[in-house]
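Here is a brief report on the fold of two chains. Please look over the sequence and the structure first.

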Amino acid sequence: MASENNISILVEFTGGLEMLFSDERKHKLSLPTKDNQGKPVTVGWLVDYLCEEVMKDSRKEMFVLDGHVRPGILVLINDADWELEGEASYALQPNDNILFVSTLHGG
Amino acid sequence: MAPALCAICNDSRALIIRPKNHQKLCKACFIAIFEAEIHHTITTTSLFSPGDRIAIGASGGKDSTVLASVLKTLNERYNYGLDLVLLSIDEGIKGYRDDSLETVKRNAVQYDMPLKIVGYDELYGWTMDQVVEAIGKKSNCTYCGVFRRQALDRGAKMLGIKHVVTGHNADDVAETILMNLLRGDLPRLARSTSIVTGDESSEVRRSKPLKYAYEKEIVLYAHHKKLDYFTTECLYSPEAFRGSARSLIKNLERVRPSAILDVVRSGEDMAKLVPEQVTGISQCKSQKVSLSSADGEEEGAGGCGTNGRDSGGEMADMEKKLKEDEEASSREVEITAAVSSPTNGQRHDRISIKPESGKGKKQESGRKLTRQVLGTCKKCGYMSSQEVCKACVLLEGLNKNRPKMEIEVDAADEESSTLRRKMEGLALAAG
């Protein structure tokens, strides 16, 4: 029953962040439901996963600084500011849309 | 966790949490309050008068796109009676500006506004790609910033428009205040806080209606209104000092979101304490205007975000560096000269860009507190607080360096293009 062990979500990068992810704005991901300690996967877990498994660019610090999403990058969970959803501790749900927007680029 | 409801309508799900007061809002209420606050800024500062023609400095990036969208909305909603035009600068950076200009062209259609594009190439005879080729990637942002500010004035003049608005936001202003604080440059700190620079008597005024708008909210506004904007970093290196100030601001925001507006307000309060003869800002008017910012030292023009928006202190560094480069390159040529003597003749004019351009004064401006007076550049005739404007100083340096490049290239047919550059330089000087 593979479907029970995986959830699929959509991750989007804009505001210049797509540059770090093979110039692809949208990434459809199939993720395990539990982390290696048996806890449900969270946005914080997703950020690590993105760094380790998805990002081919070596400039990790453009995305994550000191263990946190870099200040100046907005995270929206289903269009809501992640601050309203518990930030990194938010447990991912099937078909979630997680958007990372950089505000650091030119205007 | 039950979704939070909007603090205003108490009906829809809250999607936004406002940095300045932690208010939780739904999409519709956020868009409404964001626009209402810009309207409030515009009306309380009497930024516009009915019938004004306004050029929006448009880069295709988030800030200027949001500015154009909001101004169009407010102009229609509150009958400002403004005639809005998009004004874009083409710095000549392949793969960056040409793409972003495509965005501006789409914006012109979406917002039904006329669009004027002016290029560094036509104004200065140099594209930024050529400038970088000549001087390298280290200080090109200074050139770009100085050229862009004047280019906006020139573009506005071509259109017969006397007021340019730019997309500078609260984060940008806070960043500039911090930079000037860290440099100990009180006059410039004071001027950088004004919402409008120049007054009725100036040829072109500049203002920043988004001065109190958080960058975060600008991005969210663009996202929720699905605005079409361009987001690729400029290909050339960012300025280290501004980059540090920016990181500082962003780190502060994470710990205390209100910090950004607090820095802006502190800057405004400090500005009030700076004597008029230092800033050139007239205190007797209720609305502060800065006389001396024709060179736009306090800020760049909404062009490339973290990059290219330098403040004047860097200009002094730049002039110093220019001179050092000149000296270094003349030493460099000496080695070549040992091989082929004809290059010897080049050496003299390469050393000559320096003091008369007001450099000595400039570097001291933070200490001596000399009053800057708005005049015109004696070379190009555009507004300047110096005898010769910064654009002309930089251009002179660039044009003088051309021969050196040609020695390296060693191509006889480059000569005609050098001549052409020189002619363009002359034409500029005359015009």
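## Chain A: overall layout

Along its sequence, chain A runs α-β-β-α-β-β-β-β-β. That gives two helices and seven strands. The model is predicted.

The C-alpha atoms of chain A occupy a box of roughly 45 × 30 × 25 Å along the principal axes. A compact globule of 107 residues would have a radius of gyration near 13 Å, and chain A agrees because its value is 13 Å. Of the 107 residues in chain A, 36% are buried. Contacts between residues at least 6 apart in sequence were also sorted by separation: in chain A, 62% of them join residues at least 24 apart.

## Chain A: pairing of β1

Strand β1 (residues 6–14) of chain A pairs with β2(A) and with β7(A). With β2 (residues 26–32) of chain A the sense is antiparallel, over seven bridges. There, A:Ile7 has A:Leu31 as its bridge partner.

With β7 (residues 97–102) of chain A, the sense is parallel, over five bridges. A:Leu10 is bridged to A:Asn97 in β7(A). Both senses of pairing rest on backbone hydrogen bonds.

## Chain B: the sheet

Chain B has an open sheet of six strands. The strand order is β5-β4-β3-β6-β8-β7, and the pairing is mixed. At the edges stand β5 (115–119) and β7 (196–197) of chain B; each has a single partner strand, so one side of each lacks a neighbour in the sheet.

Helix α3 (residues 97–110) of chain B packs on this sheet. α3(B) touches β4 (83–90) and β5 of chain B, and its direction makes about 170° with that of β4(B). Helix α6 (residues 140–159) of chain B lies across β3 (53–57), β4, β5 and β6 of chain B. The angle of α6(B) to β4(B) is about 135°.

Within the sheet, β6 (residues 163–165) and β8 (residues 205–207) of chain B run parallel, joined by three bridges. B:His163 stands opposite B:Arg205 in β8(B).

## Chain B: helix α2

Helix α2 (residues 62–77) of chain B has 16 residues. From first C-alpha to last, α2(B) reaches 22 Å, close to the 22 Å expected at 1.5 Å a residue. After α2(B) comes B:Asn79, with a positive phi near 50°.

Which residues of α2(B) are buried? They include the run B:Lys62, B:Asp63, B:Ser64, B:Thr65 and B:Val66, and also B:Leu74. The buried residues of α2(B) pack against α1 (27–44), β3, β4, α3, β6 and α9 (215–224) of chain B.

How values were computed:
Residues are numbered from 1 along each chain as its sequence is written. Chains are lettered from A and ligands numbered from 1 in the order in which they are written. This is a predicted model: local features need pLDDT of at least 70, side-chain atom pairs count only at pLDDT 80 or more; totals for chains, interfaces and linings use all residues. Two strands pair if DSSP finds at least two bridges between them. Helices (H or I, at least four residues) and strands (E, at least two) are DSSP runs, numbered from the N terminus. Two residues are in contact if their C-beta atoms, placed from the backbone, lie within 7 Å. Axes are lines fitted to C-alpha atoms, for helices over the stretch in contact, and angles run from 0 to 180 degrees between N-to-C directions. The expected span of a helix is 1.5 Å times one less than its number of residues. A residue is buried if 20 or more other C-beta atoms lie within 10 Å of its own, exposed if 12 or fewer, and partly exposed in between; C-beta atoms are placed from the backbone. The radius of gyration is taken over C-alpha atoms; the globule rule is 2.2 Å times the number of residues to the power 0.38.
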